Amino acid sequence: MSSLQQVVRSLEDGNTSRRRGDTSTNKESSINKFRRTVHSMSSSSMRKKSDLSVISRVRIGVLRKFLTNLQEIFLGTKLFVLFPAVPLAFVAHYCNFGEAWTFAFSLLALTPLAERVSFLTEQIAFYTGPTVGGLLNATCGNATEVIIALFALFQRKIDVVKYSLLGSILSNLLLVLGSSLFCGGIANLKISQKYDRKQADVNSLLLLLGLLCHMLPLMLRYTLSTNSLATNSILPVSRVISLIMLIAYVAYLFFQLKTHRHFFEAHEEEDDSKDGEVEVAVIGFWSAFTWLAGMTVVIALLSEFVVGTIEDASSSWGISVGFLTLILLPIVGNAAEHAGAIIFAFKDKLDITLGVSLGSATQISIFVIPLIVVVAWIGGIQMDLDLGLLETGSLALSILVTAFALQDGTSHYMKGLILMFCYIVVAVCFFFLRTPLKPTDILNLGSQTSVAGAFSV
């Protein structure tokens, strides 16, 4: 009888330990799911598993770890074929191959590096805890755009700063979202694609807030154009508004990571339940941190090449600087993230697609742009939120078209096609746009020069 009791007791202990193991596994799984953001999930679609069978045979532990990191970082992405563009950019720059070649190679090299930065921040997030990891992934989603904008700012190229950031917003709202909805609709013609409107509504409200903050300095300039003292108030107004936008972004992070994080977690639970896999860190914390610091330095150098050679590339190719900055630069710089959004749309996971496109546009609108204005304020550089009439109008119509397309919670390929057509129209407009000189510069050209000749090519 005692032996029977011992058997029963051992079975109960086994079930209890198994339940505890399941509970711990579920907790670990939920933590991993929380650490992952839509940016990292989108970039993960560009990754591939590395075959470590050969490296595992190395007996020296330090060497084996180093080789493992090299393979995971450089061969763990489908974009590894673009890594040769990194040394080619430096060779073209220091060997005087031409500014256009330096610009082209630098632009191509930024594509795999941006995806690897997302990968490394996700690896660090596995060790820092859910809150810090989510904050790290949320704020590093557009690190490449921030670095390029800072280099252009310190070189006093204010138009390049505004055009590059505006182009990132337009490409996310119209090109990325439009192509994703179109491809997803074509691939899923027999089913109705649906998504949760909660996340889309929050991002749409924040985009409208950013639009208001960009329109007010523009309207102030046209309203008070006859009063020079009042016109000079545009700069301090922009700086105060930028501080308010940064506070709004902090509130958005608190909303996203704390109080209403379930709005941004639903798609992750669905993804993990279908795949049945929980991702774990593949490299150590300090290794990921070291590689992240090194790649950030390389991105900074390449960004300096891009900013410094964009005018020469424009004149060499016969393409306006506005088109290169507003259209070409955002497309190439975020190619990995954009491709991931389209892949998830193919898989009928529109919540991730919307999180990538709308989330990136929101971050640039209410965080990156006001941050650049504040940095310029600290550095004594006069940069305001006035993007210009044509640019602000394009931004306003893009936000309105996107908001109307997402209002019913369903999607089909026609919505994506319309958004893509809107982006093509904007691209055509800026392709033929030639920025005129200021009126004072035109007067200084002399009476023998016509006004038509005062327009830069």
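Buried means under 20% relative accessible area, exposed means over 50%, and partly exposed is in between, with a 1.4 Å probe and protein chains only. This is a predicted model, where local features need pLDDT of at least 70 and side-chain atom pairs count only at pLDDT 80 or more, while totals for chains, interfaces and linings use all residues. Residues are numbered from 1 along each chain as its sequence is written, and side-chain values use heavy atoms, with hydrogens and water left out.

View 1. Y249 and Y252 both belong to helix α11, residues 234-259; helices (H or I, at least four residues) and strands (E, at least two) are DSSP runs, numbered from the N terminus. The two tyrosines are 3 residues apart, about one turn of the helix. Y249 is buried at 3% relative accessibility, and Y252 is buried too, at 8%. Their rings form a tilted aromatic pair, 6.1 Å centre to centre with 45° between the planes. Rings of Phe, Tyr and Trp (its six-membered ring) pair if their centres lie within 6.5 Å; planes under 30 degrees apart count as stacked, over 60 as edge-to-face and the rest as tilted.

View 2. Across the whole structure, a search finds 13 aromatic pairs. F103 sits in helix α5 and W317 in helix α13, so the pair ties together parts that are 214 residues apart in sequence. F103 is buried, at 1% relative accessible area, whereas W317 is partly exposed, at 37%. Elsewhere, F90, Y94 and F305 make up one aromatic cluster.

**View 3. Helix α14 has a kink at I327.** Helix α14 covers residues 321-333, and its kink of about 25° comes shortly before the proline P330. The bend at a residue is the angle between axes fitted to the seven residues ending there and the seven starting there. Of the 13 residues in α14, 10 are buried, including I327 and P330. The buried residues pack against several helices, among them α5 (99-128), α13 (285-317) and α18 (413-432).

**View 4. L173 lies in the largest nonpolar core.** A nonpolar core is a set of buried Ala, Val, Leu, Ile, Met, Phe, Trp, Tyr and Cys residues joined through side-chain atoms within 4.5 Å. The largest one holds 92 residues, and L173 is one of those that touch the most other members. Helix α16 (residues 350-378) gives the most to this core, with 13 residues. Leaving aside residues up to four places away in sequence, L173 touches G178, L207, L358, A361, I399, T402 and L419; contact means heavy atoms within 4.5 Å.

**View 5. D386 is held in a loop by polar contacts.** D386 lies in the loop between α16 and α17 (389-405), and D386 is buried, at 9% relative accessible area. The side chains of D386 and R221 make a polar contact at 2.4 Å. A polar contact is a pair of N or O atoms within 3.5 Å; within protein, one must be able to donate a hydrogen and the other to accept it, and residues adjacent in sequence count only if both atoms are side-chain atoms. The backbone nitrogen of G388 is 3.1 Å from a polar atom of the D386 side chain.
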